[in-house]
Structures are given as C-alpha cells and as structure tokens.
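Q: I have a new model open and would like to learn how to read it. Could we go through it together, starting with the surface?

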Amino acid sequence: MPRFSVVVPVHKVQGYLHACLDSVLGQSYRDIEVIAVDDRSPDGCGAILDAYAARDERVRVLHLPENVGLGRARNAGMPHASGDYLLFLDSDDTLTPGALRALADRLDETGDPDVLVFDYARTYWWGGTRRNVLAHILAENAGDTFTAAGRPEILDLLMVVWNKAYRRDFVEREGFTFPSGYYEDTPWTFPVLLSAERIATLDRICLYYRQRRQGSILSTTSRKHFDVHEQYARVFRFVDARPALAHWRPFLHGKMGEHCLDILSKPDRLPPSDRGEFFRRTAEMFHAHRPEGARVPSELRVLQGSYAGYVLRRQAGRAGRELGRRARQARTAAAARAVRTRAALRRPLDPDLAVYSAFSHRGVLGDPAAIHRAARELAPHIRGVWVVADEERAAGLPPDTEYVLLDSPGYRRAVERATYFVNNVNWSGALVKRPGSVHVHTHQGTPLKFMGADLLGKPGARHGFDVPQMLRRADRWDHSLVANRHSELVWERAFPCHFTSLRSGSPRNDVLVGAGPDSGRAVRARLGIPEGDTVVLYAPTRRDYRRDGLVERIDLARFAADLGEGRTLVVRLHPSLADGPARGLGLAELHRRGVLVDATDEPEVQEVLLAADVLVTDYSTLMFDYANLDRPIVLHADDWDAFRASRGAYVDITAEAPGHVARSYRELAWLFDSGTWRDGEADRLRSAFRERYCEFDDGRAAERVVRTLMLGEPMPEHPPGPARLPAQADRGRLTTS
C-alpha cells in the first residue's frame with residue numbers, strides 16, 4: 001500500500017499535463033500511486049496519460065465515458081486509491097521538488113493527522129512567482145496537531161482542496177465527496193476541516209498554482225459562478241445536520257458573504273447583465289442564513305441594501321482611491337520641490353553632520369555601518385544620522401542610533417544641511433547635491449556581474465533598472481571606495497561619472513581581516529551550532545534569467561545529509577530572495593526541523609562569514625569578502641554559461657576561481673567526501689585569488705575613509721607585501737569519509 005495516492009483530474013490541459021505528471025513522478029520520494037482521470041478530454045490528454053501509464057507502473061488511468069466536471073472526476077478516482085493519504089492535484093499545477101518527501105516527513109513527525117495543510121505559490125504566465133500571503137498561519141501552527149476550533153485561523157486560508165493531504169480512512173469514514181459545478185472545493189474543505197480531530201501544517205511550498213493567461217475555469221465569464229450559492233447551501237446543510245458544529249454558523253455566514261462579494265467584484269467572472277441578479281441572490285441567502293442576533297460586519301452591510309446602493313458604494317470607493325492616489329502624488333511632488341527650494345536658499349552646510357544609509361534604507365549595515373563606527377571613535381564631533389525606510393526598520397536599530405525616516409521633515413532637514421553622505425545604494429533623485437558636500441559611495445562588494453552602463457547590452461538583466469537615471473544619480477558621487485584594482489577599473493567603466501576612486505579597502509571587511517580564532521564563536525552560539533561542529537556556509541545568488549531570481553541548484557536536505565555528522569549546513573539567501581518564495585520551498589521547514597540553519601535574517605553578513613569554516617557559493621560576491629579569512633571556498637558553477645549569458649560577467653570566475661569548482665551536485669558532494677575541498681590545490685587557488693581581490697583590505701579601511709575624507713588627514717598607507725592572514729579558528733575540519 002503506497003503512502004500517497006495522487007488523484008489528477010484531466011480535461012483540456014495537454015499543454016501543461018507533461019509538466020504536471022513529471023513533477024509527481026520525478027519526486028525523490030517514490031512510494032506513491034497516481035490515479036489520472038481523463039474527464040472525456042477532447043484534446044490529446046488521454047493519449048498522453050496512456051503513454052505515461054505504459055512507462056510507469058505507478059500510473060493508473062481512468063477514461064470517463066462523458067465529461068462530468070472537476071469535482072465528480074475526483075470522485076471517480078477516489079475509489080481506486082489505496083494509499084494512506086489522498087492528494088488532489090489539478091492537472092495544470094505542479095509539485096515542487098522534494099514536496100512529497102517533506103510531506104511524508106511531516107506526517108511521520110505529527111503521527112498521521114487527519115489533514116495536513118501545506119503551502120503553495122502562484123506562478124504567473126508572464127514569469128512571476130508569489131507566495132501565499134497567509135503563509136505565516138502555517139508557520140505559527142507548526143507545532144503539534146490541533147482542531148479548527150482550537151486554531152480557527154486555519155480557516156482563513158484559501159478554501160481549496162489541493163493544498164492538503166487527507167488521511168484516506170478519515171475521508172472514507174466521514175463519506176466526503178465532491179459536488180458538481182463551480183466552487184466544488186467549498187463544500188469539501190469546510191466540512192473536512194470542521195470534522196478533523198487532528199490537523200497539522202507544513203510551512204513549505206509544495207505546489208505551484210499556475211495562473212493561466214486564459215482558460216482557467218474561475219476566470220471564465222459565465223453564469224456558472226452562480227453555483228457558489230448552492231455550494232454554500234451544502235455547507236450550511238452539513239452544519240445543520242451536526243448540532244455540535246452549530247457554533248460555526250456565524251463564521252460561515254460571514255465567509256459566504258465575503259466570498260460572494262469577492263466574485264461580484266471581479267470584472268471577468270459574471271456577465272454584466274447578470275451582476276444585479278447575482279447580488280440579489282447573495283443578499284437573499286445572506287439574510288436567510290444569518291444566525292439570530294449575529295452582528296453584521298461593516299464590510300458586509302452592503303448586502304442588507306439594494307444593488308444600486310452597492311454600485312454607488314463601489315464607485316465612491318474607486319473615486320476615493322483615485323483622489324488618494326493623486327493626493328499622494330501631489331505631496332511627493334511638493335516634498336521634492338520643498339527640498340530643492342530649501343537647498344536653493346543656500347543655508348550653510350553643517351561641517352559636523354554626516355548622513356548614512358545602506359541597502360535602500362534597511363538599517364545600520366554594511367560598509368556605511370563600519371564607517372559610522374569608525375567615525376564615532378575617530379571623529380566624535382561629527383554627528384551621524386541614519387536614514388531608514390519606516391518605523392519597522394527603525395525598531396531594529398541599535399538603541400543609541402540617531403535616525404530619520406525617509407521623506408519625513410527630519411529627513412529633509414538632515415539632507416539639506418549635511419556635509420557628508422555615505423551610502424552603498426544611490427540616493428533618490430529628489431536629493432540635490434550641494435556644493436561643498438561630500439558623497440561617498442561604498443558599493444556592495446567586488447563586482448563580478450555587469451553593473452551600471454554595462455547593463456545596457458543586457459536587456460533582461462536591466463529589467464526594472466533605468467540605467468540613464470542610475471548614472472545621473474551617480475554623478476553626485478565624489479568618492480568611490482575600492483578593495484582592489486579590478487573594482488577600480490570596473491566602477492570607472494560601469495559608472496562614467498566624475499568621482500575619484502579611493503583605494504581604501506572594504507570597511508565592512510575590517511572585521512574579517514582582523515579576525516581572531518574565536519571571532520565567530522558568539523554567532524555560532526546564537527545560531528545554535530553545536531560546539532566543535534564544522535560549519536559549511538551555502539550562499540547562492542539570484543539569477544537574471546528568471547524573473548523572480550530564484551533557481552534551485554541544490555537539494556538542501558540531501559546536501560545536509562551528505563555532509564554527515566559533526567557538520568552543520570548554514571544557508572544564507574541573497575537579500576532579494578529573502579522575502580520571496582525561496583524560503584518556503586523547504587528552507588524554513590528544514591530550519592525548523594534542525595536539518596540546517598537558515599541565517600538569511602542575520603543582519604550582519606560578516607558575522608555569518610566569521611562563523612563558517614568553508615564557503616560554498618555560486619557567483620555571490622561574498623566570495624571576495626570571505627577570501628579575507630583565508631578559509632576554503634568551493635564554487636558550485638553548474639549553470640555558469642546561462643548566468644554569464646543573461647547577466648554578463650567581468651571575469652570568468654570558473655577560470656580564476658577561489659578554490660575548486662564543481663560543475664554538478666555529484667562533483668560538489670565528491671569534493672567534500674574526498675577532502676579535496678581543502679587540499680594543496682585549493683590553497684594555491686585561494687592564495688592567488690586573495691592576492692588579486694583582497695589587495696587593499698588591510699583591516700584599516702574604515703579608519704582610512706574617516707581620516708582622509710572627514711578629517712582631512714594624510715591617507716594611511718597600505719602595509720607592504722601580501723595581505724595579512726587572519727588567525728584561523730581552531731575547530732574540527734571535514735575529513736575524508
């Protein structure tokens with residue numbers, strides 16, 4: 001008996017069916033059966049299914065004699081299921097890599113609950129990906145099992161059938177089936193969740209929910225959307241037949257009203273001539289099922305009035321939103337004019353005021369933070385003010401940090417008077433550079449991929465970037481900090497502006513150059529890394545050949561397992577991937593289970609580098625920083641040609657690598673298993689890399705910037721000879737298995 005029975009109803013999806021089935025049959029977890037139901041599809045779906053069944057004995061195909069619709073096609077497949085758990089997968093959707101293994105592990109962990117609710121992400125026809133906005137509910141309930149009564153927020157999730165695994169004997173005992181018509185998930189999902197005695201969650205994206213440009217049933221303009229009323233009537237009949245569930249009526253009454261109004265608000269659902277009738281039927285049902293004494297939420301009171309009143313309210317809402325948008329535009333324009341006007345008044349600059357920002361106003365981070373710390377020590381008379389994006393960012397600042405919120409009156413006063421501006425991202429176009437001010441641009445690391453004007457020949461990579469505007473903002477730079485001659489040449493080519501390159505080194509790397517044997521101990525303890533474990537840091541970068549930048553190159557669970565006992569895998573995603581779907585595709589769940597450590601949210605990346613014994617990366621510029629520690633680096637370059645073609649690269653990093661290069665996961669695993677990652681050739685490659693790219697990093701970069709640019713003192717010279725080797729941490733090293 002298999003662990004999972006995957007029921008796949010199929011109708012007019014021949015363009016997507018291969019991807020759907022491959023996503024299931026290609027899973028590393030193979031204890032499954034697939035029951036594909038050909039719902040009398042008029043295209044080539046039936047033949048495709050038969051071909052899969054001939055190749056894979058796990059696939060069973062049912063050819064229905066007539067088209068019965070999505071719900072009844074699922075019903076047809078269920079009696080043939082023999083697995084412990086039922087999964088319902090729509091034939092234009094796909095499972096994510098590793099999804100079934102993650103589901104099986106979570107079911108084992110929670111003792112086979114009645115229902116396991118997992119996460120999904122919408123994938124759009126134009127290439128975008130967006131995670132379920134209510135994913136936090138899954139994370140917040142990731143402990144033991146519960147009931148809907150104990151955790152009613154579980155019912156706020158999208159009421160669909162395909163983001164859950166159902167224990168088959170529970171479904172059979174309760175007699176759950178799907179009705180015909182649209183919105184057939186509603187009278188299945190509510191009864192299932194209200195009846196389940198043990199519900200568990202999995203905070204992992206296990207399914208990609210395809211958003212088709214056309215052809216989606218729910219996006220088809222039709223009177224069939226009236227089916228939603230009967231589907232909710234079925235839910236109410238289910239509750240009425242079970243007195244123990246009577247307390248759910250007010251909740252379901254509100255959900256019904258919200259759902260119907262949502263359908264009515266969509267321009268592509270109902271024919272215009274039928275919208276009034278749909279409203280009236282909804283209002284009648286809302287009145288008929290209203291529990292006695294139940295309070296009607298303000299947003300649903302429109303159902304107590306007429307359709308004309310509803311239309312007027314909608315029009316007023318749209319007008320109000322438009323007025324608000326125009327008012328915001330006017331305020332923004334007025335604020336920009338105010339900045340320019342005040343600057344024109346030529347109020348004297350404050351020679352003792354410096355304004356700092358980093359990573360688009362995210363906090364006290366990176367090179368600007370290192371310079372700020374040095375200025376506090378060496379030039380305490382210079383007042384440092386940080387620009388942060390919002391109050392949420394401000395709440396995370398060190399307690400003694402002076403700050404202003406972006407575009408606030410305080411911000412405008414600060415930038416109007418400041419003499420020094422330190423940033424690693426361009427300031428907004430509204431900031432006017434005044435004569436006598438000093439703009440220091442720190443950048444975000446040694447450049448590997450194309451930047452600035454070099455992106456003009458890479459239309460895909462510059463998506464969302466206005467290169468001419470970028471260069472106009474760079475015209476305000478007075479000084480560009482560089483850590484090596486390579487950076488100096490690249491920045492002067494990529495940003496053909498009027499700045500002076502300062503061979504300062506990277507201020508944020510001072511802490512790496514000066515690292516002692518115990519420098520990473522506190523970070524390791526904070527991350528929960530066992531004492532004496534060898535830390536393997538995996539830091540992938542984003543890809544420009546994918547709109548969302550996410551390309552999964554490594555099965556993290558497998559990599560962590562292959563490293564073996566006494567080794568901890570730490571993962572740090574690129575900042576641009578931190579808030580997208582990447583962490584939901586297994587990283588968050590593996591972190592929760594202790595399989596690995598997710599260090600993406602650690603504010604200072606240099607601290608994470610200090611904690612690592614070896615860095616595994618693809619094309620992240622962190623390799624240039626980490627080289628200062630003179631610890632092993634392994635390059636995982638299985639898609640180097642695609643990366644270089646889409647983004648462009650200043651050097652062939654695979655030919656000038658900081659260590660051994662793996663062209664596949666098999667090679668990567670072998671490097672660690674054999675101990676080759678730290679052999680003499682790795683040392684030789686790293687030494688040459690350090691000499692080339694850590695040229696000006698001597699541990700005094702922040703001091704050099706403050707003394708030279710703020711205090712006007714002579715520039716401290718770099719010590720002669722090769723860069724100093726930092727003290728090595730005395731920890732266990734990976735050994736040959």
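A: Gladly! Accessible areas come from the Shrake-Rupley method with a 1.4 Å probe. In this predicted model, the chain exposes about 31,900 Å², and carbon and sulfur atoms supply 50% of that area.

Q: What share of the 737 residues is buried?

A: A residue is called buried when its relative accessible area is under 20%. Here buried residues make up 56% of the 737 in the chain.

Q: How many helices and strands does the chain have?

A: There are 26 helices and 22 strands. The chain's radius of gyration is 30 Å, close to the 27 Å from the globule rule for 737 residues, so the chain is as compact as a globular protein of that length. Its C-alpha trace spans about 85 × 70 × 45 Å along the principal axes.

Q: Which way do the side chains of strand β14 point?

A: In a regular strand, side chains alternate between the two faces of the sheet. In β14 (residues 438-441), Val438 and Val440 point one way while His439 and His441 point the other way. All four are buried.

Q: And which strand does β14 join through four bridges?

A: That is strand β13 (residues 418-423), which runs parallel to β14. In this pairing, phenylalanine 421 stands opposite histidine 439 of β14.

Q: Where is the bridge partner of valine 440?

A: Look in β15, where histidine 479 is the partner of valine 440. Strand β15 (residues 479-481) pairs with β14 in the parallel sense over two bridges.

Note on methods: Residues numbered from 1 in each chain as written. Predicted model: local features only at pLDDT ≥ 70, side-chain atom pairs only at ≥ 80, totals over all residues. Heavy atoms only, no water. Rg over C-alpha atoms; globule rule 2.2 N^0.38 Å. Buried < 20%, exposed > 50% of the residue type's maximum accessible area, 1.4 Å probe, protein only. Pairing = 2+ DSSP bridges.
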